[in-house]
Amino acid sequence: MKYDEIMVRYGELSTKGKNRKSFIDRLGSNVRNVLHDYPEVKVHPDHDRMHLVLNGSDSDGVMARLQNVFGIENYSPSVKVDLEQSAVDAKAIELLTEQYQPGMTFKIDTRRSNHHFGLSTYEMNDHVGGVILQAFDDIHVQMKHPDVTLRVEVRNNGIFLSSHTFDGAMGMPVGTAGKGMMMLSGGIDSPVAAYLAMKRGVQVEMVHFFSPPYTSQQALDKAMELTGKLTAYTGKIRFIQVPFTKIQEEVKEKVPEGYLMTVQRRMMLRLTVALAEQRHGLGIFNGESLGQVASQTMESMLAINDVTAMPILRPLVSMDKNEIIDIAKKIDTFDLSVLPFEDCCTIFAPPAPKTRPNLERTREFEKRIDVDGLVAEALAGVKMTEIKPGETFLNQQEDVFAELL
Ligand code: ATP
Ligand code: MG
């Protein structure tokens with residue numbers, strides 16, 4: 001079937017009263033972003049629905065993109081006919097023919113915004129239902145959970161019919177919750193945390209710490225590649241790389257081994273807070289899950305969180321590893337995350353980090369390094385890029401990459 005439009009129904013945002021307009025505007029621009037390479041598609045975000053006029057472009061390709069946009073409850077590809085009853089009847093038969101199976105059930109669901117056209121809503125349901133019953137043998141009307149719901153929308157510019165409705169990504173439009181800084185490593189967890197933050201409407205900017213020459217170019221490329229994957233949900237994402245070598249060397253030299261991890265994490269957090277302040281971020285997201293590793297105990301969170309009052313949000317806090325892995329597979333970050341390019345934390349990880357660091361002792365040990373000087377120096381070396389959908393970073397090492405996968 002050649003479709004003319006895709007009709008998009010909004011999710012939770014329809015309950016959000018006075019924010020509604022800005023939510024819909026944001027959803028409209030997010031949809032335009034993911035369809036940036038479909039210039040012929042026209043996006044009309046109206047009060048209760050969004051209409052995507054396809055102007056000849058491929059509906060499957062467009063729907064594959066829509067599938068990832070948060071704030072959409074469901075969507076239906078529709079065909080347009082003239083404001084003529086005979087055209088509606090013929091198209092209804094054509095749509096049902098594609099899906100017909102003996103014994104199937106259906107209903108007609110009519111909506112009208114054009115109140116001048118012929119039949120009322122009720123009459124239209126009745127009439128088109130009758131047309132279908134006549135055209136097919138062994139087909140039955142059923143109001144609750146029919147096999148096919150044939151939607152008929154009578155609008156001023158034509159009548160739109162659809163017989164398929166697909167579930168959207170749900171959640172809130174990215175950007176409606178404000179901006180957050182996402183601490184993105186190359187691991188399994190943080191990309192999943194980023195996805196969940198975006199699902200609740202957060203516009204994330206990635207902050208990644210790297211430590212050359214202890215970490216390779218591939219480790220950095222991998223974090224960028226993961227960011228590229230996540231652009232499927234929002235369009236471009238800012239990637240902020242922070243040089244961390246000097247800090248790690250200093251901490252390693254001056255802080256007792258059991259506290260290396262805690263002090264390193266405090267430094268990462270300070271830097272992320274500074275970036276959030278510069279860039280108007282409202283909070284910090286990370287991929288911690290309680291109890292997963294040494295640095296992810298509540299004692300450890302207390303000792304690390306001590307450096308800021310900015311909210312630190314942990315979307316994975318109560319999830320089990322296998323639940324996290326399921327999402328990583330669904331969002332297609334898992335295969336990248338398991339590539340064995342060491343990141344800065346693994347390389348400087350002490351053999352036995354304290355799982356229950358003491359806050360007072362942490363503060364004392366930290367006095368042995370020049371916190372402010374090191375923060376300022378790292379911030380001066382920050383590099384920012386904007387990563388766009390389809391960009392790829394690991395392909396320079398294609399051979400290595402293919403072998404590892
Ligand atoms: P992940 O799978 O996200 O790497 P992890 O299980 O390896 O997590 P940790 O190494 O303890 O856990 O890291 C906890 C969190 O700290 C990460 O989820 C991430 O948010 C942040 N983090 C760790 N390393 C980095 C890094 N190099 N750059 C930015 N953030 C980092
Ligand atoms: Mg990690």
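## Backbone exceptions, domains and salt bridges

Proline 213 sits in the loop between strand E11 (202-210) and helix H6 (217-230). Helices (H or I, at least four residues) and strands (E, at least two) are DSSP runs, numbered from the N terminus. The peptide bond from proline 212 to proline 213 is cis, with omega near 5°. Asparagine 55 has a positive phi of about 45°, although it is not a glycine. Its place is the loop between strand E3 (49-53) and helix H2 (59-66). Most residues other than glycine have a negative phi, and most peptide bonds are trans.

This is a predicted model: local features need pLDDT of at least 70, side-chain atom pairs count only at pLDDT 80 or more, and totals for chains, interfaces and linings use all residues. Residues are numbered from 1 along each chain as its sequence is written, and side-chain values use heavy atoms, without hydrogens and water.

The domain assignment, whose bounds come from an automatic or database source, gives domain 1 (5-167) and domain 2 (179-400). The table covers the pair.

| Domain 1 and domain 2 | Value |
|---|---|
| Distance between C-alpha centres | 43 Å |
| Buried area | about 710 Å² |
| Salt bridges across the interface | zero |

Six residues of domain 1 are in contact (heavy atoms within 4.5 Å) with nine residues of domain 2. Buried area is the accessible area (1.4 Å probe) that two parts lose on being put together, summed over both. Here 54% of it falls on carbon and sulfur atoms. By class, the side of domain 1 that touches domain 2 has two nonpolar, three polar and one charged residues. In this scheme, Ala, Val, Leu, Ile, Met, Phe, Trp, Tyr, Cys and Pro are nonpolar, Asp, Glu, Lys and Arg are charged, and the others, Gly among them, are polar.

The salt-bridge count comes to 25. The rule asks for a side-chain nitrogen of Lys or Arg within 4 Å of a carboxyl oxygen of Asp or Glu. One salt bridge joins the side chains of arginine 111 and glutamate 153 (3.5 Å, N to O). Arginine 111 lies in strand E5 (residues 104-112) and glutamate 153 in strand E7 (residues 148-155), so the pair ties together parts that are 42 residues apart in sequence.

Definitions and conventions:
Chains are lettered from A and ligands numbered from 1 in the order in which they are written.
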